[in-house]
Amino acid sequence: MYRTILLLIIVSVCYRNLYSQTDTAKLNSYFNLLEKNQKVMGSVCLYADSVFIYDKATGYADVVKNKKSNVYTQYRIGSISKMFTAVMMLQLIEEKKISLDAKLSQYFPGIKNSSKITIEQLLNHRSGIENFTNEADYTSYMEKPQTPEQLIAIFEKLPSDFEPGSQFSYSNTNYVLLTFIIEKITKSSYAEQLIRRICARAMLADTRVGGKINTNSNEAQSYNFAQGRWAATTETDLSVACGAGNIISTSKDLCLFIAALFEGKLISQTMLGKMKTMRDGYGLGMVQFPFGERKFYGHTGGIDNFQSMLAYNEADKTAVCITGNGFDYSINEIAIALLSVHYGLPFTLPDFEKKVDRAFAANSPEGIYGNGKTGMKITVFKEKDQMMAQATGQQAFPLTAISEYEYKFDLAGIRILFMKNEAGDLMQFKLTQGGKDLLFSRE
């Protein structure tokens with residue numbers, strides 16, 4: 001349900017149509033290695049031009065019961081649910097049952113600024129409504145069933161963070177409200193509309209609104225890896241998540257869903273164009289992922305310790321999906337591995353045995369640096385004579401010196417500029433990628 005913040009290591013690629021030549025043996029070696037080192041439990045899928053190219057499951061749906069997962073295991077997909085909610089709302093707009101500029105006050109006048117907030121602003125997170133999952137009391141009720149009336153009562157007390165339309169701020173509140181609006185318009189449940197409007201049209205056999213997790217029905221429990229073992233985590237009641245994060249699915253079904261969306265089976269190309277139009281990095285229930293010169297559209301998801309990622313490239317009709325219930329490794333690295341092997345790009349299996357000395361001097365670029373806004377940490381170190389950088393949970397990448405304190409990694413379009421303090425120590429660096437700057441400070 002929460003937006004996942006990823007540092008994308010963007011690889012420059014040349015187009016090659018190699019669907020039939022995807023090195024499945026290499027992918028099997030990669031995922032077997034991840035499973036052996038207890039890095040990931042989940043399922044992945046590659047789908048291209050109406051053909052399943054690769055699918056693989058690793059780990060356990062239920063560790064205690066020793067139930068292995070398979071490619072039909074259902075995972076909570078978190079905020080990928082927002083894509084489904086957005087599609088259903090756009091279908092209703094095409095049916096002229098509502099409009100993008102309809103006001104929230106028509107349905108929930110007790111929400112602050114509801115007379116100014118439009119359906120479009122709910123869809124693209126520009127409503128200004130505070131994200132209720134960030135509130136201090138959220139954890140007191142997140143695992144308990146909630147009625148729509150109870151949630152609306154909570155939302156009516158939320159502050160407005162800014163004037164509607166003036167800024168972007170990711171808020172799960174927006175998509176819970178959209179869920180209730182869909183139900184009011186259709187006079188039926190969100191779960192029923194999901195089956196009728198999307199699952200039936202896209203031929204999704206293993207996608208539905210989730211309930212209490214039942215591992216005996218091939219649903220996965222989520223886990224955290226700590227002290228050398230997988231430990232079960234919290235279980236959000238999905239009556240709280242609603243259309244912001246209440247769907248369970250498989251990586252195979254999600255590939256079929258996004259392919260159907262881009263093939264025009266769910267909404268018109270005009271409406272799809274609106275979904276794809278980005279403002280501050282977000283469209284209508286959709287984000288954009290760069291992979292070299294390729295452009296993918298989709299969404300990420302996270303709820304409890306479930307993580308997921310779904311993306312689609314229109315140019316070659318490639319869909320990639322990762323769903324999982326346990327991660328001690330970067331989901332972004334998994335996506336890079338899948339796409340690198342799929343497109344025939346150089347890819348080396350990770351070495352989990354390699355140790356790096358973490359003792360650094362303040363006047364050397366080597367050190368551990370953190371960015372408080374994203375929560376990401378990057379370690380800069382030397383390996384023999386090569387300067388390297390490694391984000392937490394990701395593979396290390398080489399840095400090439402441009403000047404004494406400026407480095408680059410061209411394959412990802414990364415520039416790193418180290419900065420001295422008054423004492424002459426290198427205590428910060430600025431990372432530039434994709435036209436955006438992030439400041440990291442030495443820990």
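This is a predicted model: local features need pLDDT of at least 70, side-chain atom pairs count only at pLDDT 80 or more; totals for chains, interfaces and linings use all residues.

Which residues of α7 are buried? They are Y190, Q193, L194, R197, I198, C199 and A202. As a background to such a pattern, an α-helix has 3.6 residues a turn, so residues three or four places apart point the same way. The cover over the buried residues of α7 includes the helices α2 (81–94), α6 (172–186) and α9 (251–262), together with the strands β6 (208–209) and β9 (247–249).

One of these covering helices, α2, contains Q91. Leaving aside residues up to four places away in sequence, Q91 touches R197 and R201, and also L266 and I267. Q91 counts as buried because its relative accessible area is 3%, which is under the 20% cut-off.

Most residues other than glycine have a negative phi, and most peptide bonds are trans. Against that background, M203, which follows α7, has a positive phi near 60°. K96, in the loop between α2 and α3 (119–123), likewise has a positive phi, near 60°, although it is a residue other than glycine. A further case is N218, with a positive phi near 65°, in the loop between β6 and β7 (223–226). K96 is exposed, with a relative accessible area of 76%, whereas N218 counts as partly exposed at 22% relative accessibility.

Rolling a probe the size of a water molecule over the atoms shows where empty space is left. The structure holds three cavities of 30 Å³ or more, and the second largest cavity contains about 40 Å³ of space. Its lining is made up of F31, V40, G42, S43, V44, K56, A57, T58, I322 and I334. Which strand gives the most to the lining of the second largest cavity? β1 does, with four residues, and both β1 (40–48) and β2 (51–58) supply at least two residues each.

Methods
Residues are numbered from 1 along each chain as its sequence is written. Side-chain values use heavy atoms; hydrogens and water are left out. On a 1 Å grid over the protein atoms alone, a cavity is a set of points where a 1.4 Å probe fits but cannot get out, and a pocket is an open set with protein on both sides within 12 Å along at least five of seven lines; lining residues have an atom within 4 Å of a point. Grid points are joined across faces, edges and corners, and a volume is the space filled by probe spheres set on the points. Buried means under 20% relative accessible area, exposed over 50%, partly exposed in between (1.4 Å probe, protein chains only). Contact means heavy atoms within 4.5 Å.
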